[in-house]
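Let us work through this structure by question and answer. Keep the sequence and the 3D view open.

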Amino acid sequence: MTGKTHIIGGIASSLASAQLTGLDPVIMVGAGIIGALVPDICHGGSRMGRALPMISKLINLIFGHRSFTHSLLFLVIISFLMDRILPYEALKNGLMVGMISHLLLDMATRSGIQLFFPISFKVRFPVTIRTGSLAENLIFSALALVSFYFGWQVLGYYI
């Protein structure tokens, strides 16, 4: 998936989560966007890879692309660290929801992800799409509609 699809996935999932949990939707969306981009730190051409090139190169050198940072192990480690460092629940929740949305979207691609890293088994959905294809644009559009729906719903938080 492209960066824009991951971003809208992070927005949609964090707004839906804010609706369900009652947490601050603005914090959730900001954290959801960042979380949706974090797993691609392992790819130098990604937004996160370009923002943190040294870390990106190191992670890619050690683990490769779509392995450790696209795994349940990574989610557990990040969750553990956030529980010790971040005092704000909406921030933690948004980051995790964004990262999970990233993994789900990448499971819809032909390459899949190493969800159970360090086991080299790739996980992907039975029906996959090509990155940048019309199908991805349709997914982007659907996620945008979901974002508008939940955005309208959580607007009541501020009214």
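Q: Which helix supplies the largest share of the lining of the largest pocket?
A: This is a predicted model, where local features need pLDDT of at least 70, side-chain atom pairs count only at pLDDT 80 or more, and totals for chains, interfaces and linings use all residues. Residues are numbered from 1 along each chain as its sequence is written, and side-chain values use heavy atoms, without hydrogens and water. Helix 1, helix 2, helix 3 (47–51) and helix 6 (89–107) each give at least two lining residues, but the largest share, three residues, comes from helix 3.

Q: How do the lining residues of the largest pocket divide by class?
A: Ala, Val, Leu, Ile, Met, Phe, Trp, Tyr, Cys and Pro count as nonpolar, Asp, Glu, Lys and Arg as charged, and the others, Gly among them, as polar. The lining of the largest pocket has four nonpolar, eight polar and five charged residues.

Q: At what angle do helix 1 and helix 2 pack?
A: Two packed helices are described by the angle between their axes and the distance between the axes. Here axes are lines fitted to C-alpha atoms over the stretch in contact, and angles run from 0 to 180 degrees between N-to-C directions. Helix 1 (residues 3–21) and helix 2 (residues 25–37) have axes 8 Å apart and pack at about 145°.

Q: How many charged residues are in the contact of helix 1 with helix 2?
A: Contact means heavy atoms within 4.5 Å. Gly-10 and Ile-11 of helix 1 and Gly-32 and Ile-33 of helix 2 are among the residues that make it. By class, it has 10 nonpolar, six polar and no charged residues.

Q: How many helices and strands are in the chain?
A: Helices (H or I, at least four residues) and strands (E, at least two) are DSSP runs, numbered from the N terminus. From that end, the elements run α-α-α-α-α-α-α. The count is seven helices and zero strands.

Q: Which residues does a cis peptide bond join?
A: Most peptide bonds are trans. The cis bond has an omega of about 15°.
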